[in-house]
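Subject: Structure handover

Hello,

Here is the structure I said I would pass on. Please look at it first, then read the notes below it.

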Amino acid sequence: CAGAFLAVQSGFKAANRPDALLGAEATMIKGQGACLIRLTPSGASVFGQDAANADRGMMFSNGPSFRCVGNDALEQATVLARYQKVVTRFVRHNQATLQATGQGDAAIIAGSFGRGRVVAFGPHPEVSGPKSAAL
């Protein structure tokens, strides 16, 4: 998810990046926990219809939610999945706080760059079990 912050044009320590890859802005959701995502129709066309049939539970750790925006240099990114729920535990000054946030925010986005495509993930499918790892 750290690379996702670097790919977008503004967000966590990336205000108005001239070298951005995706037409989107990122907001950091603090804490570690879990999330449920649901693919959009565009996401189902990328990851397959089988992946679109159910919400996917994934590990989440201080990742982004996205807002797709375009400008003269970058076309607006496409939302491939949205958060249905994000529940994180955030520790500050030795106080743990549980928060539920992010419902409806973009979790996975994609866009064209040069002659290729870029996909940015907020959650971590690579450590979320076999059904999510396929994404």
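C68 is buried, because its relative accessible area is 15% and the cut-off for buried is under 20%. C35 also counts as buried, at 4% relative accessibility. How many disulfides does the structure hold? The number is 0. In general, a disulfide is a covalent bond between the sulfur atoms of two cysteines.

Please keep in mind that this is a predicted model. The chain has 135 residues, and 42% of them count as buried. Its secondary structure comes to 3 helices and 9 strands. Read from the N terminus, the order of elements is α-β-β-β-α-β-β-β-β-β-β-α. If you take the contacts between residues at least 6 apart in sequence, 65% of them join residues at least 24 apart.

**The nonpolar cores**

As a general rule, nonpolar side chains in soluble globular proteins tend to be buried together. In this model the largest nonpolar core has 15 residues. Which of them have the most contacts inside this core? They are V8, L22, F66, I109 and A120. Two or more residues of the core come from each of these elements: helix 1 (2-7), strand 2 (22-28), strand 5 (64-68), strand 8 (106-113) and strand 9 (116-121). Another core lies apart from this one and has 14 residues, including I29, M58, Y83 and I108.

With its neighbours within four places in sequence left aside, A120 is in contact with A4, L22, F66, A107, I108 and I109.

Is strand 8 mostly covered or mostly exposed? Strand 8 is mostly covered, with 6 of its 8 residues buried. One example is S112, whose bridge partner in strand 9 is R117. Strands 8 and 9 form a hairpin with 2 residues between them. In the turn of this hairpin, G114 has a positive phi of about 60°.

**An aromatic pair**

A search of the whole structure finds 2 aromatic pairs. One of them is F60 with Y83: the ring centres are 5.9 Å apart and the planes are at 80°, so the pair is edge-to-face. F60 lies in strand 4 (residues 56-61) and Y83 in strand 6 (residues 78-92), so the pair ties together parts that are 23 residues apart in sequence. Both F60 and Y83 are buried.

**Two threonines**

T88 lies in strand 6. T88 is buried, because its relative accessible area is 1%. A polar atom of the T88 side chain lies 3.0 Å from the backbone oxygen of K30. Neighbours within four places in sequence aside, T88 is in contact with K30, G31, Q32, G33, F60, T97, L98 and Q99. F60 in that list is the residue that forms the aromatic pair with Y83.

T101 is found in strand 7 (residues 95-101). T101 is partly exposed, with a relative accessible area of 34%. Along the chain T101 and T88 are 13 residues apart, and their C-alpha atoms are separated by 8.4 Å. I29 has already come up, as a member of the core of 14 residues.

**A positive phi in a loop**

Most residues other than glycine have a negative phi. Which value does N62 take for phi? Phi of N62 is near 50°, which is positive, and N62 is not a glycine. N62 is in the loop between strand 4 and strand 5. At 27% relative accessibility, N62 counts as partly exposed.

That is what I have for now.

Regards

How values were computed:
Residues numbered from 1 in each chain as written. Predicted model: local features only at pLDDT ≥ 70, side-chain atom pairs only at ≥ 80, totals over all residues. Heavy atoms only, no water. Core = buried A, V, L, I, M, F, W, Y, C linked by side-chain atoms within 4.5 Å. Buried < 20%, exposed > 50% of the residue type's maximum accessible area, 1.4 Å probe, protein only. Helix = DSSP H or I, 4+ residues; strand = E, 2+ residues; numbered from the N terminus. Contact = heavy atoms within 4.5 Å. Phe/Tyr/Trp six-rings, centres within 6.5 Å; stacked < 30°, edge-to-face > 60°. Pairing = 2+ DSSP bridges. Disulfide = S-S within 2.5 Å. Polar contact = N/O pair within 3.5 Å; in protein donor to acceptor, adjacent residues only side chain to side chain.
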